[in-house]
Amino acid sequence: MLNFIFESDFHEMLETLFPPPPTEGAIAPPVLSEVRRASRFRRAFPGRAFPGRAADRARCRFVRVPGGARAVPWETRRMPQPRLLLVITGDDFGYCSRRNQGIVDCFLAGGISNVSLLVNGSAAKEAADLAKRHEIPIGLHANLSEGTPVCHILQKSCSLTDHRGFFHGKMGFRRSLERGQLCMKQVEMELRAQVKRFVELTGHLPNHMDGHQHVHVLPEVRDVFAQVMSDHRIRFTRVPVEPGLHSCQWLPEHLHTFYAQVEKDALDSVAVFRQNGIRWPDVYLGLTTMGQNMSVPHLQRALRLALAAGQMGEPSSGACVTAELMVHPGYPSHPQEGGCGEGPDDFSQSLERQHELSVLSDPSVAALLSQEKVQLCAFKDL
């Protein structure tokens, strides 16, 4: 069972939510459900938000507590003067059940503050239900490169899919775009269908919208993407330009090459997004800390570079720099289970997802955020 506690008035709240163990010979009280704990908390502390709410998760540390006995908080209240407001987004929510569980566990452990949903993922409905249950801030991870379309008309035959009915893939989509083989009207139809499907699953519009495998910053696609966002009044997206990328020594050459192109496309997208009233955090992080490259020292390097880069410009939140860290926590997918229609990919089945989950959930990351005066938040809080 998972139990939650916010450190403000910690000991008093502990006794309210988790009564002391009975004396010898006494009957042990039943373990309270989250609903009953919330009710007891509100009676004891009228006017205060129960710390199971998403608004407080950006300010608390959540831990597993065997038997519902104790909780260990790590931060008392919203940081009075944070240097950095950080959205940590878990991508690919909905990809498979094991991915979903890993992302939820990471959120409950305080390792992420936001998620992006693949609405064509095999476990998208389960993911949306989990987000509702745990009040996880959620946006749309628009997908044009993996699996099958959401739009029923495009499922029959279209320029976005191959002869099997699947999207062309990360590099195949880019090659088809370069050759002029993609119909932008069909791109628009699919993006609108994915927004509609998101609303059907979650009951609301996405708090933000970005592109799976960074397709949203590609030429031509970026214009359609921005128009769809503007029409639905979706305010935030992702601009993947990471400080320190070119000086990163642990990335292999092929990733340096791919990320350099992503960065160029992202910079070319800035004017288009601005014209459509779309916003994004001051700094983007995540390319240099993905998979096995995630570690506390690498995260510290990324955060310090984010602060330096954000302070060189004019921060969007006054004196406080804003940033997004893209992450991919989860448990390894089982073969032939999950994906977006054609099964899980190699990255999904590898241990790299679980490695990210382990690092992000480690108390040393919470300590790092506190040391660097980083306040977690979601896109809806910016």
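Mentor: Let's start with Arg99, which counts as buried at 0% relative accessibility; buried means under 20% relative accessible area, exposed means over 50%, and partly exposed lies in between (1.4 Å probe, protein chains only). Keep in mind that this is a predicted model, where local features need pLDDT of at least 70 and side-chain atom pairs count only at pLDDT 80 or more, while totals for chains, interfaces and linings use all residues. Residues are numbered from 1 along each chain as its sequence is written, and side-chain values use heavy atoms, with hydrogens and water left out.

The side chain of Arg99 meets that of Asp92 in a salt bridge, at 3.7 Å from N to O. That term means a side-chain nitrogen of Lys or Arg within 4 Å of a carboxyl oxygen of Asp or Glu. Asp92 is buried too, with a relative accessible area of 3%.

How many salt bridges are there in the structure? There are 15. Asp91, Asp210, Arg238 and Glu324 are tied together in a network of them.

Now hop over to helix H8, residues 184-202. Helices (H or I, at least four residues) are DSSP runs, numbered from the N terminus, as are strands (E, at least two). Lys185 and Glu188 form a salt bridge, with their closest N and O atoms 3.8 Å apart. The two sit 3 residues apart in H8, so about one helical turn separates them.

Arg192 pairs up with Asp231, and here the closest N and O atoms are 2.6 Å apart. This pair links distant parts of the chain: Arg192 is in H8 and Asp231 in helix H9 (residues 221-232), 39 residues apart. What about their surroundings? Arg192 is partly exposed at 27% relative accessibility, and Asp231 is partly exposed as well, with a relative accessible area of 41%.

In helix H7 (residues 170-178), Gly172, Phe173, Arg174, Ser176 and Leu177 are buried. The buried residues of H7 pack against H8, H9 and helix H10 (253-275), where contact means heavy atoms within 4.5 Å. After H7 comes Gly180, with a positive phi near 75°.
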